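Please look over the sequence and the structure shown below before reading on. The report is meant to be read with both in view.

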Amino acid sequence: MKSLEQLTRPNIWQLSPYSSARNEYSGKVARVFLDANENPYNKPFNRYPDPLQEEVKQRLSKVKGIPAECIFLGNGSDEAIDLVYRCFCRPGIDNVVAIEPTYGMYKVSADINDVEYRPVLLDDNYQISAEKLLKACDNNTKVIWICSPNNPTGNSINREEIEKVLDGFDALVVIDEAYSDFAPQKPMRYQLAQRPNMIVLNTMSKAWGCAAIRLGMAFASKEIIGLFNKVKYPYNINQLTQQQAIELLDNPYDVEKWVSMLLLERKRLIEAFRLLPICEKVYPTDANFFLAKMTDAKAIYDYLVDRGIIVRNRTRVSLCLNCLRITVGTKGENNELLAALRQY
């Protein structure tokens with residue numbers, strides 16, 4: 001692997017980060033706060049939140065099995081995705097490689113940051129070829145993006161091929177495990193100590209049922225996390241989000257119950273879809289959604305919209321012609337979907 005200094009944009013490596021008022025007295029006990037030009041009234045919302053979210057990270061460390069200093073918290077996983085570009089990719093010079101199809105924000109962030117994006121098509125089983133991914137790289141390739149379980153396909157990416165990519169690439173590999181709580185495979189984050197070139201993404205939007213609070217996370221070496229903290233906005237996670245995350249992290253058994261319920265509903269929903277005359281195939285999934293090939297995805301999508309039922313039409317996505325992506329809902333929501341499709 002190249003050194004972190006070689007991988008980092010020179011201006012970022014040399015950057016003197018903004019020093020917030022709440023960082024400067026770190027380690028001391030304070031009672032009177034006259035440092036940040038805050039209004040002393042309207043407690044507790046008058047004070048700036050912890051800029052490094054230490055309490056949330058301590059809770060996450062116990063749940064995720066990762067040291068707190070190896071955790072970055074962002075405004076959704078999208079902030080961490082953007083920071084990968086801002087920290088490591090020189091605009092107009094560097095490039096990234098990604099599987100295709102996959103989560104669209106990798107490309108959007110590349111375009112925003114003026115970084116060349118090189119997609120590599122998955123095979124007919126929506127699996128990667130490590131050889132093809134590595135062949136798409138050159139000396140200016142800074143990042144390879146792999147989403148597993150993948151979105152929109154739902155399947156977990158072959159672990160042996162991921163390992164080959166990690167072994168064969170001398171820059172950064174980002175593994176997005178947003179849906180890993182629904183998958184039987186052991187998450188890649190547990191290999192961080194042996195994989196200094198790996199960044200693993202996760203989120204509280206999926207299994208944790210907290211899409212509204214916009215809390216994403218990145219797991220990486222403490223040196224990479226240090227770079228993220230240097231570049232991020234000072235108070236990127238608001239106090240309400242931190243409070244809600246702490247409450248939920250204190251009750252992880254609720255999440256286990258939700259995941260079990262969703263997996264049972266996923267199985268039932270897939271079995272029902274396979275019996276529909278308008279469904280040609282349901283692809284394997286390890287996520288809280290599945291991809292279904294339909295006879296006419298656009299017409300079926302429009303039909304469902306007219307009935308107030310919203311799924312995702314993915315027919316214009318590479319390798320997803322005539323496919324709908326179906327998120328697993330409650331039993332009642334799933335029954336309403338099935339009833340509508342049976343009447344199509």
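This is a predicted model: local features need pLDDT of at least 70, side-chain atom pairs count only at pLDDT 80 or more; totals for chains, interfaces and linings use all residues.

The sections below go through the sheets, the helices packed with them, and some places in the backbone that deserve a careful look.

Strands of a sheet pair through backbone hydrogen bonds, and they may do so in either a parallel or an antiparallel way. Strand E2 (residues 95-100) and E3 run parallel and are joined by six bridges; within this pair, asparagine 95 has glutamate 116 in E3 as its bridge partner.

## The four-stranded sheet

A further open sheet has four strands in the order E8-E9-E11-E10, and its pairing is antiparallel. E8 and E10 each have a single partner strand, so that one side of each is left without a neighbour in the sheet, and these two strands therefore stand at the edges.

Strand E8 (residues 279-282) and strand E9 (residues 289-294) run antiparallel and are joined by three bridges, with valine 282 standing opposite alanine 292 in E9. The two strands E8 and E9 form a hairpin, and six residues lie between them. At the other end of the strand order, E10 and E11 also run antiparallel, joined by two bridges, and asparagine 313 has leucine 324 in E11 as its bridge partner.

Two helices pack on this sheet. H11 touches E8, E9 and E11, and its direction makes about 5° with that of E9, whereas H12 touches E9, E10 and E11, and its direction makes about 40° with that of E11.

Two packed helices are described by the angle between their axes and the distance between the axes. For helix H11 (residues 252-274) and H13, the axes come within 11 Å and cross at roughly 5°. Because angles under 35 degrees count as roughly parallel, H11 and H13 are roughly parallel to each other. The contact is made by residues of both helices, including Glu265, Arg268 and Phe273 of H11 and Lys331, Leu338 and Arg342 of H13; the residues of this contact divide into six nonpolar, two polar and four charged.

Which residues of helix H12 (residues 297-306) are buried? They are Ala297, Ile300, Tyr303 and Leu304, and they lie on the same side of H12 because they cover an arc of only 130° around the axis. An α-helix has 3.6 residues a turn, so residues three or four places apart point the same way. The buried residues of H12 are covered by elements that include E9, strand E10 (312-313), strand E11 (323-327) and H13. After H12 comes glycine 308, whose phi is positive, near 75°.

## Tyrosine 344

Tyrosine 344 is found in the segment after helix H13 (331-342). Apart from its neighbours within four places in sequence, tyrosine 344 is in contact with Ile278, Ala299, Ile300 and Tyr303. Of these, alanine 299 is 45 residues apart from tyrosine 344 along the chain, and the C-alpha atoms of the two are separated by 9.9 Å.

Most residues other than glycine have a negative phi, and most peptide bonds are trans. The peptide bond from serine 148 to proline 149 is cis, with omega near -5°, and a cis peptide bond also joins asparagine 151 and proline 152, where omega is about 20°. Proline 149 is found in the loop between strand E4 (141-147) and helix H8 (159-168), and proline 152 is likewise found in the loop between E4 and H8.

Tyrosine 126, in the loop between E3 and helix H7 (130-135), has a positive phi near 60°, and it counts as buried because its relative accessibility is 4%. Arginine 214, whose place is in the loop between E6 and E7, has a positive phi near 55°, and it counts as partly exposed because its relative accessibility is 32%.

Methods
Residues are numbered from 1 along each chain as its sequence is written. Side-chain values use heavy atoms; hydrogens and water are left out. Two strands pair if DSSP finds at least two bridges between them. Contact means heavy atoms within 4.5 Å. Axes are lines fitted to C-alpha atoms, for helices over the stretch in contact, and angles run from 0 to 180 degrees between N-to-C directions. Angles under 35 degrees count as roughly parallel, over 145 as roughly antiparallel, 65 to 115 as roughly perpendicular and the rest as oblique. Ala, Val, Leu, Ile, Met, Phe, Trp, Tyr, Cys and Pro count as nonpolar, Asp, Glu, Lys and Arg as charged, and the others, Gly among them, as polar. Buried means under 20% relative accessible area, exposed over 50%, partly exposed in between (1.4 Å probe, protein chains only). The arc is that of the directions from the helix axis to the C-beta atoms.
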